[in-house]
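I opened the model to look up a few residues, the domains and the chain contacts. My notes follow in the order in which I made them.

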Amino acid sequence: MNWEMLTALWPYIRRYRGRMSAGLIILLVNTAAFVLIPFEIELAINDLGRGIDVAKLLRYCLLLMVTVIARGVLNYYQRLIMITISRLIEFDLRNDLLAKLETLSQAFFQKFRTGDLMARAVNDLAAVRNMVGPGIMYSAQAVVLFVYVVAILWRQDPVLTLIAFVPAPFVSLAVQWFGKRIHERFERIQAMFSRLSTRVEENLGGLRMVRAYTREPLEEERFDRLNRQYVQHNMRLVLLAGAFDPLLQFLLGVAFVLVLWFGGRAVLEHRITIGGYAAFNLYMAQMAFPMIAMGYVINLVQRGAASFTRLRELLTQTPDIADGPATDASVTAVRGDIEFRGLNFDYDGQPVLRDLNLHIRAGKTVALVGHTGSGKSTLVSLIPRLLDAAPGMVLIDGRPIREIPLRVLRKSIGLVPQETLLFSDTLRANISFGVPNAGDAAIEEAAGIAGIAGDIADFPEAYGTRVGERGLTLSGGQKQRAALARALLRNPHILIMDDALASVDTITEDRILEQLERGRLEGGPHSRTTIIISHRISTVRNADLIAVLDHGRIVEQGTHAELIGQGGAYAELYEKQLLEEELSQVE
Amino acid sequence: MPQEEEQLGKAIDRRLIGRLLRYVRPYRAVVILATIAAALQSATQIVGPYLNKVIIDTYLFPVAGTRSLLTPYLPEGAYRGVATLGIIYLLTLTFGFALDFAQSYAMQWVGQKSMYDLRRQLFAHLQRLPVPFFDHNPVGRLVTRVTNDVEMLNETISTALVALFDDCFVLTMIVVVMIRFNWQLSLITLGVLPAIFIATHYFRKAVRESYRRIRLLVARINVFLQEHIAGMAVVQAFNREDIAYEQFRKINQEHCDAWIDAVFAYAVYYPVVEFLSIFAVTLILWFGGLRVMHGTLTIGIVFAFIQYTQRFFRPIQDLSDKYNTLQSAMASSERIFQLLDAPLGPVAAPVPAGSGVVDQAPGRIEFDHVWFAYQHEDWVLRDVSFTVEPGSSLAIVGHTGAGKTTTTSLLLRFYDVQRGRILLDGTDIRELDLGALRRRFGIVLQDPYLFTGTIAENIRMGDTAMSDARVAEAERDANLEEFLASLPAGDATPLRERGSGLSTGQKQLVNFARALAARPSILILDEATASVDTETEMRIRAALDRMLEGRTSILIAHRLSTIQRADQILVLHKGVLREQGTHQELLHHRGIYWRLYQLQYKDQELPHTSEALPGPARA
């Protein structure tokens with residue numbers, strides 16, 4: 001933890017600085033009430049020694065009850081306020097994290113994988129919360145209590161106070177030392193545990209293979225090996241954890257031994273009273289928790305600081321794709337004319353698209369064909385600006401793409417991505433993803449064109465059926481058709497289908513393409529530019545223009561007939577397919 | 001299997017505990033020693049207040065006539081007396097520390113050992129359960145049995161149970177000592193106990209409810225984040241940022257609220273416990289003070305009572321915690337034992353593969369009026385009869401659900417037929433040793449399955465006796481060599497989980513090599529080329545003749561090119577054998593096969609077309 005980090009964390013704490021101050025003030029009073037209790041007992045015991053009357057005894061008893069009730073109320077507010085703040089900060093941080101992620105482009109998400117981001121959003125956030133919540137509260141409480149108790153005891157007997165506190169730093173150190181190591185070993189055990197789970201999963205997943213090849217003895221042997229290792233790792237933890245608590249009890253006990261021994265002498269030497277002796281004992285009991293807490297807090301802060309560094313790495317990312325000075329706010333719609341002009345695009349220093357020129361006129365259908373890695377997906381990602389090319393290389397409606405407000409641009413595009421992603425929600429919510437206020441009729445129409453309406457009608461709750469986590473598992477083809485419906489519902493001026501029907505059988509695909517074409521020609525409210533990426537010749541052959549990509553360049557373009565005539569890569573592909581068909585016919 | 005939701009029942013079920021104890025039994029000597037250590041250790045825990053009583057009443061504020069257990073051993077002089085008590089205290093502490101450590105280490109050791117045994121037994125049991133069992137029990141749930149449920153038990157045995165004993169010992173001893181000091185005052189102190197129990201009960205209930213909500217919300221937050229991070233391109237392309245943010249904020253808010261509820265419970269509970277504790281102290285001060293005034297009680301005893309009361313509270317709070325742990329442990333053990341009680345099916349003799357002499361002669365297979373249903377009378381195969389002569393090839397075609405794969409599952413005795421019989425070289429397969437039967441088959445399924453380990457280990461499949469030359473030969477025959485040459489360590493290259501990093505085609509080639517290395521007399525290819533790319537299929541096709549040579553083979557494939565060459569083609573339709581013959585015969589027949597051929601003709605073009613270019617892996 002350093003100054004720079006504190007200033008970074010400050011905006012989050014700042015929001016709650018009123019509450020935080022209130023909490024700290026309550027803590028001051030609350031702790032005072034806490035240390036008052038042994039003091040009152042001290043007085044009572046002294047009076048018991050000197051001789052006491054019933055009224056006075058009753059007064060002490062009432063005083064104790066009043067103190068503990070006041071202390072209870074204060075303690076309640078202190079906890080509620082200070083721990084709640086940490087939850088609120090966690091809430092703010094998590095919201096900010098998502099808000100930040102939403103502004104970042106695909107270039108970022110290539111660099112930071114989902115698993116890594118999840119770990120930061122879950123584990124690191126928890127560590128930061130522990131640092132600002134219990135971390136702050138416990139350390140404040142420990143420090144205040146320590147000051148109070150030392151102040152009270154010092155006045156009674158400075159030497160005895162010093163002696164009684166000898167074990168305190170050892171307790172904190174032990175907690176810190178053990179806490180850190182136990183945490184490390186525990187994490188290692190967690191990793192072993194997940195390996196053990198994976199082993200069982202792999203075995204059961206391949207059940208038939210295991211049985212068919214009578215591999216059971218080997219499987220048992222392999223499981224046994226891991227099982228043994230797991231136990232070994234656990235025993236290493238046990239050694240530490242088993243020593244930790246007894247050691248703590250011992251060190252805390254030593255303080256009582258010291259009080260008994262040297263406190264007893266002090267009473268004999270009339271340096272302290274018998275009540276004072278009792279008070280020393282009671283204060284040592286009160287100090288046990290703060291001693292432990294100090295060590296614990298050191299670890300919380302260390303872990304929290306490391307986690308906050310990782311979180312900040314995300315929170316300080318600058319959005320690389322956003323509206324800027326070039327944006328022309330007067331643009332409110334897009335016609336759908338797309339031009340790539342001398343496009344070069346690099347990704348992680350690797351050239352992906354090279355000197356690419358392609359003009360897609362509004363309302364036309366263009367197909368992109370090419371090997372995996374030829375740059376097709378990257379090319380279409382540039383249109384909704386999920387990735388950004390250098391200025392001037394991508395033009396929409398004849399103007400540089402950066403002049404169009406991002407929202408307007410994306411609003412005009414229906415994207416069906418290669419990797420179909422539906423969200424854990426109802427089908428209705430998934431299809432209306434881009435048009436949240438769409439009516440049922442529109443949703444059903446889009447589903448109809450996408451060829452998924454029939455499937456949905458068969459689902460138990462039709463459009464209300466949940467998919468994904470805790471919901472229905474859709475087949476690959478169903479997912480793709482739902483994703484198409486989602487794109488169509490936006491009534492886009494530009495429809496991008498990135499290998500979007502690969503899991504749909506050809507008969508259904510033909511029907512969908514036909515309906516799309518009809519919708520485009522007939523009563524469509526506007527012209528629609530369609531870009532199709534596919535491996536199937538049958539899918540692309542009717543396009544107005546087919547472009548063949550190879551290593552980031554367009555190597556051929558033209559209509560199906562033209563390309564066949566040219567006898568190039570496309571024609572070769574087509575012939576190969578014809579040959580396959582013939583092969584399966586003969587014999 | 002019961003529902004997955006935690007259903008907490010009894011904390012103590014004698015039947016379950018009896019069964020659990022069997023796992024601890026081998027280590028009972030250690031358990032007994034640890035229990036004795038725990039008892040002694042808890043005695044050391046109550047020494048402090050007792051010594052305080054002695055030191056106050058004997059030296060600091062001497063009251064004439066007070067006696068204690070220690071009186072005979074204490075010196076006259078006050079300074080020496082105080083020092084003696086200090087040394088006694090320190091020795092007790094040290095002794096307590098040693099016992100505490102020994103005891104907790106010993107019990108953890110027992111826990112680890114017995115759970116090791118239990119996991120081992122569970123895993124072995126899973127290897128012997130019949131295949132149909134796994135149709136009804138999802139893998140995830142079974143994994144939980146072996147891992148989380150056992151871990152839960154371990155926690156109970158090594159931590160909760162020990163702490164439970166410990167707490168009970170300490171409580172008992174405190175009560176004994178207090179009663180010896182003054183029974184009336186003890187009763188007053190014990191009078192506060194029910195209030196603590198009640199407070200703790202309600203607190204646990206409230207907290208448990210909040211934690212349940214929190215768990216659900218954490219799961220929702222994780223799913224939301226996972227999906228939106230993975231699908232950020234979609235979120236952005238559909239201008240969905242603001243709505244997604246609002247949705248997230250809402251779940252996040254609920255999560256925060258659930259936590260604040262939990263914080264509230266703690267914020268109430270801690271002060272309540274503290275109040276009760278100080279209330280007890282006040283009662284002691286009042287009633288004890290009155291007696292001190294009358295000279296019937298010493299200050300030492302009053303102070304010892306005050307200290308004991310404070311030590312009293314922690315074990316009591318703990319006890320309620322342990323009760324919940326015990327409940328969960330009972331639920332876990334119930335589930336574990338249910339799994340262990342699942343009846344075993346026919347078990348392969350525990351002969352390591354390869355050590356037995358396997359008959360490599362091509363086998364003769366005969367289905368004799370076979371009927372089979374996975375459930376009740378829901379027949380998947382109806383009166384199916386056919387014969388495959390040694391060394392010939394059989395292809396099975398039909399729609400999804402026609403019973404093609406079932407045929408091979410029956411051959412390998414993953415399931416047993418209900419009526420009729422299956423003969424291998426004239427013997428009913430149910431009369432054969434299961435291991436010997438299965439070792440005669442080489443099988444390749446549609447989805448290639450690889451295990452963690454090297455490629456060579458995946459080809460050997462546990463047959464350690466298999467020579468390197470034989471592995472190499474299988475690699476060659478499966479056309480795997482070229483791919484292996486591209487790897488840094490060849491077939492010694494370790495594979496990650498399920499061979500991730502390899503393409504489906506590469507994985508399938510390894511599976512082919514595995515099947516060939518087993519030198520089976522019968523080769524089963526169940527849609528083996530359905531999910532591979534064209535290039536791999538070409539390789540496989542090129543190797544196919546070599547693979548089938550001298551073997552009986554059963555091919556299930558939807559690509560007609562593979563089927564056409566088979567010596568015999570069966571057409572299954574809704575579990576009934578409808579047509580049988582060669583490709584040409586069946587085409588002439590113009591029946592189902594002919595129609596399938598026409599129908600699939602278009603279908604067939606799809607995979608070829610889409611895979612003419614190496615495409616991305618399909619979802």
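**Entry 1: a serine in chain A.** I began with a side chain and a backbone oxygen: a polar atom of the side chain of Ser86(A) lies 2.6 Å from the backbone oxygen of Ile83(A). I note at once that this is a predicted model. Ser86(A) sits in helix α3 of chain A, which covers residues 54-103. Is Ser86(A) buried or exposed? I read a relative accessible area of 1% for Ser86(A), so the residue is buried, the limit being under 20%. I then set aside the neighbours within four places in sequence and listed what else Ser86(A) is in contact with: Arg129(A), Val132(A), Gly133(A) and Pro134(A).

**Entry 2: an aspartate in chain A.** I moved to Asp245(A), which is placed in helix α9 (residues 216-268) of chain A.

**Entry 3: domains of chain A.** I wrote down the division of chain A into four pieces: domain 1 (1-156 + 295-319), domain 2 (158-271), domain 3 (338-412 + 493-585) and domain 4 (420-491). For one pair I looked up the separation: the C-alpha centres of domain 2 of chain A and domain 3 of chain A are 60 Å apart.

**Entry 4: chain B as a whole.** I turned to chain B, which has 619 residues, 55% of them counted as buried. Its secondary structure comes to 21 helices and twelve strands. I also looked at contacts in chain B between residues at least 6 apart in sequence, and 77% of these join residues at least 24 apart. The division of chain B that I noted is domain 1 (1-181 + 321-345), domain 2 (183-296) and domain 3 (363-440 + 553-612).

**Entry 5: domain 1 against domain 2 in chain B.** I took the centres here too, and those of domain 1 of chain B and domain 2 of chain B lie 26 Å apart, over C-alpha atoms. Six residues of domain 1 of chain B are in contact with six residues of domain 2 of chain B. The area buried between these two domains of chain B is about 540 Å², with 58% given by carbon and sulfur atoms. Which residues of domain 1 of chain B lose the most area to domain 2 of chain B? I found Met178(B), Ile179(B) and Asn324(B), which together make up 64% of what that side buries.

I then looked for polar links between the two domains. On the domain 1 side of chain B, the elements that give two or more residues are α6 (139-181) and α11 (299-341) of chain B. The largest share of that side comes from α6(B), with four residues. By class I recorded four nonpolar, one polar and one charged residues for the domain 1 side.

**Entry 6: an arginine in chain B.** I located Arg440(B) in the loop between α13 (434-438) and β6 (441-444) of chain B. With a relative accessibility of 8%, Arg440(B) is under 20% and therefore counts as buried. What joins the side chains of Arg440(B) and Asp425(B)? I found a polar contact of 2.9 Å between them.

**Entry 7: chain B against chain A.** I left the interface between the chains for the end. There, 155 residues of chain B are in contact with 147 residues of chain A. The area buried between chain B and chain A is about 14,200 Å², and carbon and sulfur atoms give 69% of that area. How many salt bridges does the rule find across the interface of chain B and chain A? I noted five. I looked up one salt bridge by name, in which the side chains of Arg410(A) and Glu241(B) meet at 3.6 Å, N to O. I also noted 33 residue pairs in polar contact between chain B and chain A, both residues at pLDDT 80 or more.

Helix α10 (residues 241-293) of chain B gives the most to the side of chain B that touches chain A, with 33 residues. By class, that side of chain B has 93 nonpolar, 39 polar and 23 charged residues.

Technical notes:
Residues numbered from 1 in each chain as written. Chains lettered and ligands numbered in written order. Predicted model: local features only at pLDDT ≥ 70, side-chain atom pairs only at ≥ 80, totals over all residues. Heavy atoms only, no water. Contact = heavy atoms within 4.5 Å. Buried area = accessible area lost by both parts, 1.4 Å probe. Salt bridge = Lys/Arg side-chain N within 4 Å of Asp/Glu carboxyl O. Polar contact = N/O pair within 3.5 Å; in protein donor to acceptor, adjacent residues only side chain to side chain. Nonpolar A, V, L, I, M, F, W, Y, C, P; charged D, E, K, R; others polar. Domains from an automatic or database assignment. Buried < 20%, exposed > 50% of the residue type's maximum accessible area, 1.4 Å probe, protein only.
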